[in-house]
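User: I'd like a close look at one part of this model, with enough of the surroundings to see where it sits. Could you take me through it in one go?

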Amino acid sequence: MSREFYRQFAGLAGDTENLVVTVLDGPHAGAKAVLQNGKVVFADGMFWREYERRLSGIRETGITQAGGTRLFAQMLTREARLVICGAGNVGLSLIRIAKLTGFYVICIDDREEFARKAREAGADEGIRADFAEALRGIRGDAGTYFVVVTRGHQCDLDCLRAILRLPRAYAGMMGSRRRAVIMRQQLLQEGIPEEDLNELRAPIGLPIGSQTPEEIAVSILAEIIARKNKTAPDTPLSHRLLDELQEPKVPAILATIIARSGSAPREVGTKMLIRADGTLEGTIGGGLSEAEVIRAGREMLCRKDKPDLHPVVIHVTFQDDPSVMDGMLCGGAQDVMMEYILPEHER
């Protein structure tokens with residue numbers, strides 16, 4: 001189920017509501033059900049026959065119950081996509097900072113040298129193409145953020161004509177207030193709806209007195225993050241982790257925070273992959289508590305009968321973490337669900 005679901009999930013629009021429910025304990029531990037936009041599209045095991053109606057009432061991430069059995073429900077979202085039009089100094093700085101903060105970054109420029117620089121700066125996709133042409137190939141959705149920082153007025157217009165016709169979470173353009181007014185008037189005359197133009201952030205970014213390309217990039221990304229965290233608070237699934245869940249190369253344990261208390265640093269739903277080759281993907285908070293989760297995951301992977309084992313839930317606390325002792329954290333705890341992710345030949 002897992003691999004097929006994640007393949008479907010990868011192809012869905014970012015605004016599709018995906019709920020995954022897992023049985024945590026009892027004889028049906030590990031059984032899963034998947035809802036898309038409130039409708040059950042998959043349910044494995046006998047457990048769900050009796051409680052399928054209960055699923056439609058679950059609307060948020062967290063632990064719930066059905067018939068006295070604990071369930072963990074998670075609203076899954078993909079990581080936010082940042083589409084940058086223009087790979088000049090500001091665009092390149094924005095790529096670097098956006099990758100540090102967890103965005104999937106697409107950068108478009110109509111010059112091969114600049115598209116190459118975008119890839120070197122860390123863009124997941126550096127596209128060399130006409131701006132309008134490239135944007136026609138991008139599917140906008142509620143998790144896509146567009147930034148226009150091209151080299152000139154005409155390029156900006158070409159980008160905005162395409163972007164303002166796409167579904168999106170955000171659209172912004174760099175430039176002076178006077179230039180922004182002129183652009184709005186021209187686009188309005190061309191038939192772009194006024195409500196779309198009212199959503200355009202121009203000038204772009206928070207007013208922090210930015211001077212350098214790096215400072216401008218910080219102001220832009222701060223505005224985007226504020227918008228993202230207000231409208232999409234769920235913990236996203238990164239494209240790297242999504243790729244691996246579709247086609248695992250080595251045995252691994254998927255660790256998911258299912259409950260937290262106190263000042264535990266990461267939100268419920270945060271995931272980390274613990275691979276049998278010793279490498280990791282993601283983090284659930286760091287420190288001794290994460291080290292305990294990693295140790296438990298590696299111990300699970302050493303068991304010869306792992307294909308027959310159900311997911312387990314472990315409890316970790318921050319009370320003995322040096323960060324707590326030094327006053328950096330106030331203490332807290334997490335419950336973490338540990339699930340096997342196995343390549344096809346080991347299932």
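Analyst: A quick word on terms: a helix here is a DSSP run of H or I covering at least four residues, and helices are numbered from the N terminus. By that count, glutamate 223 belongs to helix α9, residues 213–231. Keep in mind that this is a predicted model. Glutamate 223 counts as buried because its relative accessibility is 7%, with the cut-off for buried set at under 20%. Leaving out residues up to four places away in sequence, glutamate 223 touches Tyr170, Arg201, Ile204, Gly205 and Leu206.

Of the contacts with a separation of 6 or more, 59% are between residues 24 or more positions apart.

Now for the part I'd zoom in on, the antiparallel sheet. Five strands make up this open sheet, in the order β14-β13-β12-β16-β15. β14 and β15 (312–317) are at the edges with a single partner strand each, so one side of each has no neighbour in the sheet. Two helices pack on this sheet. Helix α10 (residues 239–246) touches β12, β13, β14 and β16 (332–341), and its direction makes about 50 degrees with that of β13. Helix α11 (residues 287–301) touches β12, β13, β14, β15 and β16, at about 45 degrees to the direction of β13.

Strand β13 itself (residues 271–275) is worth a slow read. Five of its five residues are buried, so β13 is largely enclosed by the rest of the structure. Side chains in a regular strand alternate between the two faces of the sheet. In β13, Lys271, Leu273 and Arg275 point one way while Met272 and Ile274 point the other, and all are buried. That buried group includes Lys271 and Arg275, if you're thinking about charges.

What does β13 pair with? With strand β12 (residues 252–262) it pairs in the antiparallel sense over five bridges, and alanine 252 stands opposite arginine 275. With strand β14 (residues 280–281), the antiparallel pairing runs over two bridges. Isoleucine 274 has leucine 280 as its bridge partner in β14, and leucine 273 has glutamate 281. Four residues lie between the strands in the hairpin of β13 and β14, where glycine 278 takes a positive phi near 95 degrees.

Strands β6 (residues 81–85) and β7 (residues 104–109) pair in the parallel sense over five bridges, and isoleucine 84 has cysteine 107 in β7 as its bridge partner.

Arginine 165 sits in the loop between α6 and β10. Arginine 165 counts as exposed because its relative accessibility is 57%. Aspartate 196 is 31 residues away from arginine 165 in sequence, with 8.3 Å between their C-alpha atoms.

Last, the rings. The whole structure holds four aromatic pairs. One of them joins phenylalanine 47 and tryptophan 48 edge-to-face, 5.0 Å centre to centre with 90 degrees between the planes. Both of those residues are buried, and ring pairs link Phe47, Trp48 and Tyr51 into a cluster. Elsewhere, phenylalanine 114 has arginine 111 over its face at 3.6 Å from the ring centre. The charged end of lysine 117 also sits over the ring of phenylalanine 114, 5.1 Å from its centre.

Methods
Residues numbered from 1 in each chain as written. Predicted model: local features only at pLDDT ≥ 70, side-chain atom pairs only at ≥ 80, totals over all residues. Heavy atoms only, no water. Pairing = 2+ DSSP bridges. Phe/Tyr/Trp six-rings, centres within 6.5 Å; stacked < 30°, edge-to-face > 60°. Buried < 20%, exposed > 50% of the residue type's maximum accessible area, 1.4 Å probe, protein only. Lys NZ or Arg CZ within 6 Å of the ring centre and 35° of its normal. Contact = heavy atoms within 4.5 Å. Axes fitted to C-alpha atoms, helices over the stretch in contact; angles between N-to-C directions.
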